[in-house]
Amino acid sequence: MSTADDAKIIGVDDHVSVARAIPLGIQHMMSMFGATVLVPVLTGLDPNLAIMCSGIGTIVYLLVTRNKIPSYLGSSFAFISPIIVATAATGSLHTALSGVVVAGCVFLAVAGIIKIAGTNWLNTLLPPVLVASVMVVIGVGLSAAAARMALLGPDSKFAAVSACIAGITLLAAVIFSGQKGIIGTLPVLLAILVGYVASAFVGLINFQPVVDAPWIGLPPIQTPHFDPHAIVLIAPVAIVVVIEHIGHLLAVGEIVGKDYRAMLPQSLAGDGISTCISGFLGGPPTTTYAENIGVMSVTHVFATQVFWYAAGFALIVGGFCPKVAAFIGTIPVPVMGGVSLLLFGLIASNGLRMFVTNKVDFDDNRNLMIASVVIILGVGMETAQINIPLGGYTLPGMATSTLIGIVLNALLPRHTKDKA
């Protein structure tokens, strides 16, 4: 990274004024909002409770990782189908929550095993060529979702109005990100505001949910009823999410410029405790969010202080102020689609940058094969929404391509010039 870029960076341990931290925190909260709400909507859980749990979970994560890893925890998409299946099979959402709690325990168990075994194996298991490829898969794999949000209307067909709003939002984000000072650190939030105003002019915003929502109110707490069938259906999915978690952690490390491999046990433990708490309260499992990784990439603001603010806002909005939550929920899908095109693209771009900074030699057939297979398989499965069924579970594209990459890395012959 150049010296000019370094001057703009707000590091992990840096602090900013409260006046700057508030909008930066709101920016992170807005970035995770849509995805965090969608999971409970699809599974029958309460959206406001999920927002509140994301705030609590992020606070727990920051405490467990000793304020060293800037990440936001939101609702995990990997558990949507298992929760729906478990709820239908047992006839109760309460029993499905028991699977969520035990899934958090699986995270803790894996964290304990890694703590004992150490993390040196990660360097062999996940060389730079594989980590960079997985980062590309994370970013480009989300491209289809971003494109659908930006270009399609409610009928799932191309909508010119949606495309225009998404284009305006994206252009605003790009312009703001190139500015100096505080504007350059708030491109996502400012772009959302621009897109929101444009959407209001063309009638895309429905304010009725805001009018109907009360100013003050607690979300309904639901306690888990432990059921072996629900646990068997849900808890093992945590293994898949562990793979995704490692990918996100390495992506954060690459963007921030720190090696977080040694902190993998703490990171997994933070996610596990967060998921357990969410399950006991009636929320969905949690996981680190790619959207917020993208925000860090575009703003160069890595301070964990900002994530405390984001978590605090989520806790207040989801736990105590339904009207504010309803207002944020009125942000049109194309607006979020516009900023997502930039955020997800930046994650992929950082993967490409990692190839360069680690001097991955593509004249070496071994590196070429690993990168080619991982990227095409992972992106293809993610964008086509293809999951591999494993009994009652499914293996998504990112996890599948990572596992295939690990196998290739182990089997392909190494050459003396191979630095991976």
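Ala, Val, Leu, Ile, Met, Phe, Trp, Tyr, Cys and Pro count here as nonpolar, Asp, Glu, Lys and Arg as charged, and the others, Gly among them, as polar. With that convention, I turn to the structure. It is a predicted model, in which local features need pLDDT of at least 70 and side-chain atom pairs count only at pLDDT 80 or more, while totals for chains, interfaces and linings use all residues. Residues are numbered from 1 along each chain as its sequence is written, and side-chain values use heavy atoms, with hydrogens and water left out.

A cavity is a set of points, on a 1 Å grid over the protein atoms alone, where a 1.4 Å probe fits but cannot get out; its lining residues have an atom within 4 Å of a point. Grid points are joined across faces, edges and corners, and a volume is the space filled by probe spheres set on the points. Searching the whole structure gives one cavity of 30 Å³ or more. The largest cavity has a volume of about 50 Å³. Its lining divides into six nonpolar, five polar and no charged residues; among them are Tyr 61, His 245, His 248 and Thr 288. Helix H14 (residues 237-256) supplies the largest share of this lining, four residues. Helices here are DSSP runs (H or I, at least four residues), numbered from the N terminus.

Next, the surface. Val 161, Val 197, Phe 201, Val 202 and Leu 204 make a nonpolar surface patch of about 480 Å². Areas come from the Shrake-Rupley method with a 1.4 Å probe, and for residues only the protein chains shown count as cover. Buried means under 20% relative accessible area, exposed over 50%, and partly exposed in between. Val 197, in helix H11 (residues 187-201), is partly exposed because its relative accessibility is 45%.

Finally, the backbone. Most residues other than glycine have a negative phi. Which value does phi of Ser 156 take? Phi of Ser 156 is near 65°, a positive value. Ser 156 lies in the loop between helix H8 (143-151) and H9 and, at 56% relative accessible area, is exposed. His 300 also has a positive phi, near 60°. His 300 sits in the loop between helix H16 (290-299) and helix H17 (304-320); its relative accessibility is 19%, so His 300 counts as buried.

Key:
On a 1 Å grid over the protein atoms alone, a cavity is a set of points where a 1.4 Å probe fits but cannot get out, and a pocket is an open set with protein on both sides within 12 Å along at least five of seven lines; lining residues have an atom within 4 Å of a point. Helices (H or I, at least four residues) and strands (E, at least two) are DSSP runs, numbered from the N terminus. Patches are made of residues with over 30% relative accessible area and no salt bridge: like charges are joined within 9 Å, nonpolar side chains (Val, Leu, Ile, Met, Phe, Trp, Tyr) within 5 Å. A salt bridge is a side-chain nitrogen of Lys or Arg within 4 Å of a carboxyl oxygen of Asp or Glu. Buried means under 20% relative accessible area, exposed over 50%, partly exposed in between (1.4 Å probe, protein chains only).
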